[in-house]
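The sequence and the model come first, and the description follows.

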Amino acid sequence: MASLPVLTFVCVVSALWPLGHSQQVGHGYRLVSVDQGSDRSLIGSLELIQQTNTYGPDIPHLRLYVKHETEDRVRVHITDAQTKRWEVPQELLSREQAPADLQLSSRKAKPAKSAFEFSEFAGAELIFSFVANPFGFAIKRKSNGDVLFNSSSGNLVFKDQYLELTTGLPATASLYGLGENTQPNGIKIVPKETYTLYTTDISAINLNTDLYGSHPFYMDVRNGGISHGVLLLNSNGMDVFYTGNALTYKVIGGVLDFYFFAGTSPLDVVQQYTALIGRPVAQPYWAFGFHQCRWGYKNVSDITNVVENYNKSQIPLDVIWNDDDHMDGAKDFTLDPINYPESKLRPFLDRIHANGMRYVVLIDPGIAVNTSYGTFQRGTADDVFIKHDGSPFLGQVWPGAVYFPDFLNPKTVNFWADEISRFHQMVPVDGLWIDMNEVSNFCSGKCSIPTNRSCPGTGFPWDCCLDCTNITATRWDVPPYKINASAAQAPLGFKTIATSSVHYNGVLEYDAHSLYGFSQAIATHKALQNLLNKRPFVLTRSTFVGSGSYAAHWTGDNKATWEDLRYSISTILNFGIFGMPMVGADICGFYPDTTEELCGRWIQLGAFYPFSRDHSNLASKRQELYLWDSVAKSARKALGLRYRLLPYLYTLNYDAHTTGAPIARPLFFSFPQDPETYAVSKQFLLGPGVLISPVLYNKTTSVNAYFPKGSWYNLNDMTMAVKSSGQYVTLQASIDTINVHVYEGVILPMQRGGMTTTAARMTPFTLIIAFPLGFQSTGGKAKGHLFFDSGEDIDMKIAEGKSTYVDFSAESDGKKVRLVSQVQSGSFSLSQGWVIEKLMILGLSKSHLSSQLAFQLDGKPFSSSSFTYSVQPLSSSAEQSQDGGAIMDLNGLALPVGRNIDLSWTLTA
């Protein structure tokens, strides 16, 4: 049972906390009363100390609301005490509401009389503390008193269009998050950088710039790996400044709605964070296959040839994509009648579906203004578009003049579902890709369709051809504080929807701008799920807090450079922290022309992105993986391993959906007590124990990889191992090879692989059991688990006849090995005929090379005549084990996955 929060009043010397320094922009507030609410919350009243007019007048009276919502989460909500302010809509992100009017408990509210009095409001794990005058608050751990957040480092400022709050931080803190941005210095947030959050269509090649998503969340990892998380739930534009010992938020609207997550491990933080914002969506099994896309597939024959060439080259391929090439004049929900007629596209889809493949197409939010276009007609009739001055806001995207659907309007959600349904009757797509939803607009300001020229014209399609004038008359278009939008303090409405535009129920674009992609993803996910009655696949470019519950993400328009290859790792790891684990970058680069070597190295890395897709620009040369012999060889090797690892990847998908755990993880997630892992940004883990160490520089055939302490086995050649004391090791990496290692203590489920996920998932299983090298003196243990279902059921959960979940455990003392599986809902796996055909036991002693083995299965003798076994030596590098170790193979088994297994054997020299 959760501990109830406790409110205590303690008199202390004020020197324990700095009272904050006067800032020109504001002088802060004093706490004038505080008590507990009827919902076991804390309610306080704040009163302005001194008015200033910088960035507008201060709001004179604020309300403080604090609640320990769970044992490991506390919320601090500060808003105008008299006037309701904009907050992220409950309809988009369901959560406990901070009540507008909440009765106090029967006790009289206690006045806060002096700057030397503060209160503690304790929950199970975290304590909220505050100073009265000027008001400041802190969050600290109950277990050790460590201060996690302390707003007394600066004065609280709360104006209508400018909110500011600063927290002090220890110099030893390692911070991660605050995106979306491309971080050239690695995954850690670095001092003296401005992190601007405002969804923007600006290429991902722009460094430390506000990109497609807004995620005002960070994780703080401190000495010993003790971690916590902080979310400011606010959709308005903001700048976040990090100095190295303080973090300052400067926000242009909304409220201060902070959530603090106790951790204490990095994985705990993400689990607690996604418990609030929503667990990641369950991805269909086929989504973990390889995807091929290009902007510039000219016709059905083109994509047919691509699929055939992948098959001829024996490179796995699950999904073929179309950018907007399939459309009639770049209009959503249409087909080009010449190049993609239904009469040719439907037979193509029938063929690939029969071969277990899938098809995904792009749709943009902008609806072409065209009176003969059915989608436009229906949208106009239903009045679903965002308005400006009472009329639909006019912008320009690929088809020319467009209106933008308002996904905050329930009618729009229904309209969107109907358009998807109509399109699906014509083209049975398997998933949808929603792009340009920041929102992107090729024009700025208030526009009209020209009467004296065609639009689009003869220039580039992204050149604005509308007649436009700047909008500067409102404080929403020109706010008093300019965030560092596009790293240039660009106007908020630059190349997007004017921020004085209006959504459903009078909501301003100024407030809701960064929610557009999120709201569209929700509508698209809902539409596909209801239409298909199975697990939907949606890929979105623009994201917000909670988007991972509905969609996957890719990192946008990158460049075909070695730098972008390196940058992709940090962005992907950040999105796992943001609760959006199904993420990848455009493999080989979106533009300009890639090179053979770069593409070869990129598919080696990209084969282990959670979402693995090759995508390129129409102005770039073709870069399908079969076009170069060396790249094709790399692809067969890396994707071959990915497809063998599909059971592991899909189980990580289950873990993400049920616990929030990222699929791709920084090393410090598994090794939080090793500070060397905190800045590692050129390697990552898949799940808890598969280490990816790519080559990221040209003309290089080795990689200097960090190995946390323990034994690591090479999955490309399991006779090769690294035994590390926590050190960098130089690994050889020939032009067609990426280093992939599994960690000691892991049981890794694998299958034989195949050309599609459909084929691969029906093959027998292998279990890799990784014991520590030299474990004989202390004993060796390993564990793992497996989840399997149809791959498409809406519900991803353990259910009899629908799925199977297996826990594996193994142990050995050097004389005996025992493997046990405990199965839940085994009937599903039994119905599929899945069996374990092979065991590979890593880390045994070389003395077992000549061992005679005596086997038992479920307590009874198990004759080795029905299978074969062999033992071969291991070759270890770095810190050498005593005898180098050995690997044992047991082949020809037929152990049903759906039944409990208790297999043991005695090793006798």
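In which sense do β5 and strand β18 pair, and over how many bridges? In this predicted model, β5 and β18 (residues 256–261) pair in the antiparallel sense, and the pairing runs over 6 bridges.

## Strands and hairpins

Strand β5 is mostly covered, since 8 of its 8 residues count as buried; buried here means a relative accessible area under 20%.

A further hairpin is formed by β40 and β41, with 5 residues lying between the two strands. Strand β40 covers residues 710–714 and β41 covers residues 720–724, and they pair in the antiparallel sense over 4 bridges, with Tyr713 standing opposite Ala721 of β41.

An open sheet of 3 strands is built in the order β22-β26-β25, with antiparallel pairing. Its edge strands are β22 (367–368) and β25 (394–397), each of which pairs on one side only. The pairing of β22 with β26 (residues 400–403) is antiparallel and rests on 2 bridges, and in it Ile367 stands opposite Tyr403 of β26. As a general point, strands of a sheet pair through backbone hydrogen bonds, either parallel or antiparallel.

## Helices and their packing

Two packed helices are described by the angle between their axes and the distance between the axes.

| Helix pair | Angle between axes | Distance between axes |
|---|---|---|
| α4 (residues 374–382) and α5 (residues 410–426) | about 160° | 10 Å |
| α5 and α7 (residues 516–532) | about 50° | 9 Å |

Why are α4 and α5 described as roughly antiparallel to each other? Their axes meet at an angle of about 160°, and angles over 145 degrees count as roughly antiparallel, so α4 and α5 are placed in that class. The crossing of α4 and α5 is right-handed, and the contact is made by Thr375, Arg378, Gly379 and Asp382 of α4 together with Lys411, Phe415, Asp418, Glu419 and Arg422 of α5.

For α5 and α7, the packing angle of about 50° makes α5 oblique to α7. The crossing of α5 past α7 is right-handed, and the contact draws on residues of α5 including Val413, Trp416, Ala417 and Ile420, and on residues of α7 including Gln520, Ala523, Thr524 and Leu528.

Helix α10 (residues 629–644) has 16 residues and reaches 22 Å from its first C-alpha to its last, which is close to the 22 Å expected at 1.5 Å a residue. Among the buried residues of α10 are Val631, Ala632, Ala635, Leu639, Arg642 and Tyr643.

## Backbone features in loops

Most residues other than glycine have a negative phi, and most peptide bonds are trans. Several places in the model depart from this pattern. The peptide bond from Asn133 to Pro134 is cis, with omega near -5°, and Pro134 lies in the loop between β7 (126–131) and β8 (136–141). Another cis peptide bond joins Cys455 and Pro456, with omega of about 5°, and Pro456 has its place in the loop between β28 (446–448) and β29 (467–469).

Tyr55, in the loop between β3 (42–48) and β4 (61–70), has a positive phi near 65° although it is not a glycine. Tyr55 is partly exposed, with a relative accessible area of 29%. Cys588 likewise has a positive phi, of about 75°, and is found in the loop between β34 (586–587) and α9 (596–606). Is Cys588 buried or exposed? Cys588 is buried, with a relative accessible area of 0%.

## A contact between separated residues

Asp858 is located in the loop between β50 (852–857) and β51 (860–861), where it is partly exposed, with a relative accessible area of 46%. Asp858 and Asn900 are 42 residues apart in sequence, while their C-alpha atoms are 8.8 Å apart in space. Leaving aside residues up to four places away in sequence, Asp858 touches Asn900, Ile901 and Asp902.

Terms used: Residues are numbered from 1 along each chain as its sequence is written. This is a predicted model: local features need pLDDT of at least 70, side-chain atom pairs count only at pLDDT 80 or more; totals for chains, interfaces and linings use all residues. Side-chain values use heavy atoms; hydrogens and water are left out. Buried means under 20% relative accessible area, exposed over 50%, partly exposed in between (1.4 Å probe, protein chains only). Two strands pair if DSSP finds at least two bridges between them. The expected span of a helix is 1.5 Å times one less than its number of residues. Axes are lines fitted to C-alpha atoms, for helices over the stretch in contact, and angles run from 0 to 180 degrees between N-to-C directions. Angles under 35 degrees count as roughly parallel, over 145 as roughly antiparallel, 65 to 115 as roughly perpendicular and the rest as oblique. A crossing is left-handed if the near helix is turned anticlockwise from the far one by less than a right angle, and right-handed if clockwise. Contact means heavy atoms within 4.5 Å.
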